Amino acid sequence: MSLDSSAWKVLQPDGKWRVVVTGKLPGNRWLEILLAAGCRVEIRASGETLTTREVRDAIGDRCDACIGRLTEKCDEEVLACLASAGGRVYSNYAVGYDNVDIDGATARGIAVGNTPGVLTETTAEMAVALTFAAARRVAEGDRFMREGRFSGWQPDLLLGELLWRKTVGILGAGRIGSAYARMMVEGHKMGLIYYDKERNQPLEDYVTAYGDFLVSRGEEPVTCRRARSVDELLREADVVSLHASLDDSTCHIIDAARLNLMRENAVLVNTSRGPLIDEEALVAHCGAHPLFRVGLDVYEDEPDMRPGLSGLENAVIVPHLGSASTWTREAMAVLASLNVTGMLMGYPLWPHPERISAFLGEEYPEAVPSIVNAGKLGIPVLKA
Ligand code: DGY
């Protein structure tokens, strides 16, 4: 199989395993790992997202593993091609994997890797940044200055919302949602309300203990409550940040009816996946409710935006930057590579997701960091 040599870079051509990487990744460590494991590595030199056809062409008729991006579909077509090329692992360069047909991969015996743990605080920080940018009208102020409209301090210029001691709501209390909640609770003394199908006892205990600490310092406590429904969360929170993963049950979980449940001056933040929000309904809602504010990192039809969104003064919009810190993006690349090499070498699964940083040093465990369908594939777990 021959790929266009100007578009693809081949390293260690005689390597024993052929690994296709659909786009260059940050840092060098990930590549050193693949090369040290004896892989032939073929990297698409440009940063553009590949079409399904291009991914299939790259996989060709012999490929042991592929590292792909969340913008590329790893669907039935790609999986069939990878399986018939002898592929055993597809590692997504992302923590989310809604672009991958997990059941299809499992049926074909293909392990699907992801990169959890190294994006948690980075993405939570972006959600915090969007929260305050929206509440305090930072992007509007920035535009105002650049347009030369500032003619001096005014008592009522661009007034926003004070969030201190108000209520923050999270929809989805997993790793990133919990990190965001803690930043808002500890930093801004906000009360927490969360909605998740599962109770998050450690988060509740943490906030309660933090509330006790505040009391011990003579301050008002903060509280934590699990909402019984999404509607209850939306009605009660001053800020709602979305941290659910995308599936059939969460697609358009925020629609026109639910936007209408939210407070007139609420802040809605989304750093998860765009389709959680019905974007058309959001544009209409923001247009009709100028005090409502939204901070978006993700979009329903990325990279496109719903008509009308970019013209809204009450929307702060950034281009899917949640995990975009140098450290995180390099660490994601390392985990994606180690998912590949670990699977190819037949290592067991790492049993300590909370200690994923064990893979980030010079020495790392003889284990596979994170395979989302490991249980269904019967991949053994490293004995503690
Ligand atoms: C992910 O990893 O799922 C983010 O959306 C991008 O880093």
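Is Arg165 buried, exposed or partly exposed, and why? With 13 C-beta neighbours inside 10 Å, Arg165 counts as partly exposed, because a residue is buried with 20 or more other C-beta atoms within 10 Å of its own, exposed with 12 or fewer, and partly exposed in between, the C-beta atoms being placed from the backbone. The model is predicted: local features need pLDDT of at least 70 and side-chain atom pairs count only at pLDDT 80 or more, while totals for chains, interfaces and linings use all residues. Residues are numbered from 1 along each chain as its sequence is written.

**Overall architecture**

- The chain has 13 helices and 13 strands; helices (H or I, at least four residues) and strands (E, at least two) are DSSP runs, numbered from the N terminus.
- The chain is as compact as a globular protein of its length, because its radius of gyration of 23 Å is close to the 21 Å that the globule rule gives for 384 residues. The radius is taken over C-alpha atoms, and the rule is 2.2 Å times the number of residues to the power 0.38.
- Along the principal axes, the C-alpha atoms fill a box of roughly 70 × 50 × 35 Å.
- Of the 384 residues in the chain, 43% are buried.
- Among contacts between residues at least 6 apart in sequence, 68% join residues at least 24 apart; two residues are in contact if their C-beta atoms, placed from the backbone, lie within 7 Å.

**Helix packing**

- The axes of helix α7 (residues 175–188) and helix α8 (residues 201–216) come within 11 Å and cross at roughly 10°. This makes α7 roughly parallel to α8, a description that applies to angles under 35 degrees, with over 145 counted as roughly antiparallel, 65 to 115 as roughly perpendicular and the rest as oblique. Axes are lines fitted to C-alpha atoms, for helices over the stretch in contact, and angles run from 0 to 180 degrees between N-to-C directions.
- Ser178, Ala181, Arg182, Val185 and Glu186 of α7 make the contact with Leu203, Tyr206, Val207 and Tyr210 of α8. By class, this contact has 6 nonpolar, 1 polar and 2 charged residues; Ala, Val, Leu, Ile, Met, Phe, Trp, Tyr, Cys and Pro count as nonpolar, Asp, Glu, Lys and Arg as charged, and the others, Gly among them, as polar.
- Helix α2 (residues 52–59) packs with helix α3 (residues 76–84) at an angle of about 5°, their axes 9 Å apart, and the two are therefore roughly parallel to each other.
- In this second pair, Thr52, Val55, Arg56 and Ile59 of α2 meet Glu77, Val78, Cys81 and Leu82 of α3. The contact of α2 with α3 has 5 nonpolar, 1 polar and 2 charged residues.

**Ligand surroundings**

- Leu70, Ala94, Val95, Gly96, Leu119, Gly322 and Ser323 surround the ligand, each with its C-beta atom, placed from the backbone, within 6 Å of the molecule.
- The shell around the ligand has 4 nonpolar, 3 polar and no charged residues.

**Backbone features in loops**

- Arg165 lies in the loop between α6 (138–146) and β7 (167–171). Its phi is near 70°, a positive value in a residue other than glycine.
- His320, in the loop between β13 and α12 (326–344), likewise is not a glycine and has a positive phi of about 45°. His320 is partly exposed, with 18 other C-beta atoms within 10 Å.
- The peptide bond from Glu302 to Pro303 is cis, with omega near 5°. Pro303 belongs to the loop between β12 (293–296) and β13 (315–317).
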